[in-house]
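Hi everyone, thanks for coming. I'd like to walk you through one protein today, starting with the whole fold and then stopping at a few residues. Have a look at the model first.

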Amino acid sequence: MSQDTFIRQIEKRMEQSFQNFHSEMSAIRTSTASTSFVDNLMVNCYGASMPLDQLATLSTPEPDTLMIQPWDQGLMESIQKAILASDLGLTPSNDGVIIRIHIPPLSEERRKEFVKTVRKMAEEARIAVRSIRRDGNDKVKKQLKDKEITEDDQRLLEQNIQDSTQNFIKKIDTALEKKEKDLTTI
């Protein structure tokens, strides 16, 4: 395997870790309505569990309102049950055609709780990226030991892995900073 391919594989794994973190973090609500709160909310319907965004049109007509328009009106009750059962703390109202959710402002205590949760998620993402770095470095050392690469190649690969690690940790920190700002801004 070429060195470029090797580095691309490592970066792909790091990107996946970042995307997982970003997806989890976007589900943490702020005081402003966002469809990401409920995008991946699982709804029991048709004998299976499906993400809400595959069952309805989601929109935010106002900064404090989330609107859900199911494609099948028979799913209204299932969608409402899924929202109420989630840990989002949201109460949907149903007019028979559209489900509206008013997003109340977060209390100071709830904001602090969410900030702690997001920081924990970020640390887990950083750990995942560092673990990928360790795996990559172990593979490089094995290749050197098996005489598949030279010491110069080893140093170059390890430096590239370290650069990728720093880039992804910076992306995680930037996303965390933005979410913390969203959570603490009233």
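Okay, one term before anything else: a residue is buried if its relative accessible area is under 20%, exposed if that value is over 50%, and partly exposed in between, using a 1.4 Å probe and protein chains only. Two housekeeping points as well. Residues are numbered from 1 along each chain as its sequence is written, and side-chain values use heavy atoms, with hydrogens and water left out. What you see is a predicted model, where local features need pLDDT of at least 70 and side-chain atom pairs count only at pLDDT 80 or more, while totals for chains, interfaces and linings use all residues.

So, the overall fold. How many helices and strands are there in the protein? There are four helices and six strands. In sequence order you get α-β-β-β-β-α-β-β-α-α.

Now the shape. The C-alpha trace spans about 70 × 40 × 25 Å along the principal axes of the protein. The radius of gyration is 22 Å, whereas a compact globule of 186 residues would come out near 16 Å. That radius is taken over C-alpha atoms, and the globule rule is 2.2 Å times the number of residues to the power 0.38.

What about the surface? The accessible surface is about 11000 Å², and 50% of that belongs to carbon and sulfur atoms. These areas come from the Shrake-Rupley method with a 1.4 Å probe, and for residues only the protein chains shown count as cover. Of the 186 residues, 38% count as buried.

On charges, the protein has 27 positive and 30 negative side chains, and the centres of the two sets lie 4 Å apart. Lys and Arg count as positive, Asp and Glu as negative, and His and the chain ends are not counted. For the place of each charge we take NZ of Lys, CZ of Arg, CG of Asp or CD of Glu.

Next, contacts, meaning heavy atoms within 4.5 Å. Taking the contacts with a separation of 6 or more, 60% are between residues 24 or more positions apart.

Let's zoom in on T65, in strand β4, residues 65–70. Is T65 buried or exposed? T65 is buried, because its relative accessible area is 11%. Leaving aside neighbours within four places in sequence, T65 is in contact with A33, S59, T60 and I101. The side chains of T65 and D64 are also joined by a polar contact of 3.3 Å. A polar contact is a pair of N or O atoms within 3.5 Å; within protein, one must be able to donate a hydrogen and the other to accept it, and residues adjacent in sequence count only if both atoms are side-chain atoms.

S86 is another one to find, in the loop between α2 (76–85) and β5 (92–94). S86 counts as buried because its relative accessibility is 18%. Its side chain reaches the backbone oxygen of I83 at 2.7 Å.

Why does K178 count as exposed? Because its relative accessible area is 55%. K179, on the other hand, is buried, because its value is 10%. Leaving out neighbours within four places in sequence, K179 is in contact with M25, S26, I28, T30 and V118.

Over in helix α1, residues 3–26, look for R13. R13 is partly exposed, at 36% relative accessible area. Not counting residues up to four places away in sequence, R13 touches I132 and D135. R13 and I132 are 119 residues apart along the chain, and their C-alpha atoms are separated by 7.2 Å.

Last stop: two loops. Y46 is in the loop between β1 (42–45) and β2 (48–51), and has a positive phi of about 50° although it is not a glycine. K147, in the loop between α3 (108–145) and α4, has a positive phi of about 60° and is not a glycine either. Y46 is exposed at 57%, and K147 is exposed at 74%.

That's my tour, so over to you.
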